[in-house]
Amino acid sequence: MRKRTDALAKAIAPELQAKDVLEVACGSAEFSLSAVSYAKTVSCIDLDDSRLSPAIWGSGVEFRVMDAALMEYPEASFDTVVLYNAFAHVEKQWVEIEKECKRVLRPGGALYLISTWKLDISRMTERFGEYGDWVGNAFIVRMPE
């Protein structure tokens, strides 16, 4: 399964390389585990740890239970923020979550929505299609600043 997230991390490697990265609504933290080979630091958050991969422990990825709409991080904490296969889960709170993601981004930072799930992709293309590109079977949206 990680082969997919390894390829996606490689696709946005310039936005990860030697940077502080946050994965929001991380679920199993698959993307974070792939990003750690590029990034300076990788943090990930979710509402609970029930789906978190045991591979995270000792990987260098920092996990915290946290609401993406009310992040505890200070302003300008990260260079890159990623939501991977999570948009359908957070769509109802997207306005608040996007605001928080942008608040914790450093100036010039990048906010990405990445998905391989049909449900996410249909919703993402409907709302943000002009900002997205296909990488294999994944749709990647770099949100405008």
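Trainee: How much space lies in the largest pocket?
Mentor: About 430 Å³ lies in it. Keep in mind that this is a predicted model.

Trainee: Which residues are closest to the centre of that pocket?
Mentor: They are Ala 25, Gly 27, Asp 46, Arg 51 and His 89, out of the 27 residues that line the pocket. Helix H2 (30–35), strand E2 (41–46) and helix H3 (87–90) each give at least two residues to the lining.

Trainee: How does the lining divide into nonpolar, polar and charged residues?
Mentor: There are 14 nonpolar residues, six polar ones and seven charged ones.

Trainee: Ala 25 is in that lining. What makes Ala 25 buried or exposed?
Mentor: Buried means under 20% relative accessible area. Ala 25 has 19%, so Ala 25 is called buried. You will find Ala 25 in the loop between strand E1 and H2. Its phi is positive, about 55°, although Ala 25 is not a glycine.

Trainee: Ala 76 also has a positive phi of about 55° without being a glycine. What is Ala 76 called, going by its accessibility?
Mentor: The label "partly exposed" covers what lies between the buried limit of 20% and the exposed limit of 50%. Ala 76 has 34% relative accessibility, so Ala 76 counts as partly exposed. Ala 76 sits in the loop between strands E3 and E4.

Trainee: Glu 75 is in the loop between E3 and E4 too. Why does Glu 75 get the label it has?
Mentor: Exposed means over 50%. Glu 75 has a relative accessible area of 61%, so Glu 75 is exposed. Glu 75 still touches Arg 103 and Val 104, leaving aside residues up to four places away in sequence.

Trainee: How far apart are the C-alpha atoms of Glu 75 and Leu 105?
Mentor: They are separated by 7.0 Å, and the two residues are 30 residues apart along the chain.

Trainee: And why is Glu 15 called buried or exposed?
Mentor: Set its value against the 20% limit for buried residues. Glu 15 has 17% relative accessibility, so Glu 15 counts as buried. Glu 15 lies in the loop between helix H1 (2–11) and E1. Beyond residues up to four places away in sequence, Glu 15 touches Thr 80, Ala 110, Tyr 112 and Arg 142.

Trainee: Now to helix H4 (residues 94–104). Which of its residues are buried?
Mentor: Trp 94, Ile 97, Glu 98, Glu 100, Cys 101 and Val 104 are buried. They cover an arc of only 160° around the axis, so they are on the same side of H4. Val 95 and Lys 99, on the other side of H4, are exposed.

Trainee: What covers the buried residues of H4?
Mentor: The cover includes E1 (20–23), E4, H3, strand E5 and helix H5 (118–128).

Trainee: How do you know that the buried residues of H5 line one face?
Mentor: Start with the residues themselves: Asp 120, Ile 121, Met 124 and Phe 128 are buried in H5. Looking down the axis, they fall within an arc of 95°, and so they line one face of the helix. Lys 118 and Glu 126 are exposed on the other side of H5. Among the elements covering the buried residues of H5 are H3, H4, E5, strand E6 (132–135) and strand E7.

Trainee: What makes E5 mostly covered?
Mentor: Eight of the 11 residues in E5 (residues 105–115) are buried.

Trainee: Which strands pair with E5?
Mentor: E4 (residues 78–84) pairs with E5 in the parallel sense over six bridges. Val 82 has Tyr 112 in E5 as its bridge partner. E7 (residues 138–142) runs antiparallel to E5, and four bridges join them. Here Leu 113 has Val 141 in E7 as its bridge partner.

Trainee: Why is E7 said to be largely enclosed?
Mentor: Four of its five residues are buried, so the rest of the structure largely encloses E7. E7 is also joined to E6 by four bridges, in the antiparallel sense. Gly 132 has Val 141 in E7 as its bridge partner.

Trainee: How many residues lie between E6 and E7 in their hairpin?
Mentor: Two residues lie between them, and Gly 136 in the turn has a positive phi of about 60°.

Note on methods: Residues numbered from 1 in each chain as written. Predicted model: local features only at pLDDT ≥ 70, side-chain atom pairs only at ≥ 80, totals over all residues. Heavy atoms only, no water. 1 Å grid on protein atoms, 1.4 Å probe; cavity = no way out; pocket = protein on both sides within 12 Å on 5 of 7 lines; lining within 4 Å. Points joined across faces, edges and corners; volume = space filled by probe spheres on them. Nonpolar A, V, L, I, M, F, W, Y, C, P; charged D, E, K, R; others polar. Buried < 20%, exposed > 50% of the residue type's maximum accessible area, 1.4 Å probe, protein only. Pairing = 2+ DSSP bridges. Arc of directions from axis to C-beta. Contact = heavy atoms within 4.5 Å.
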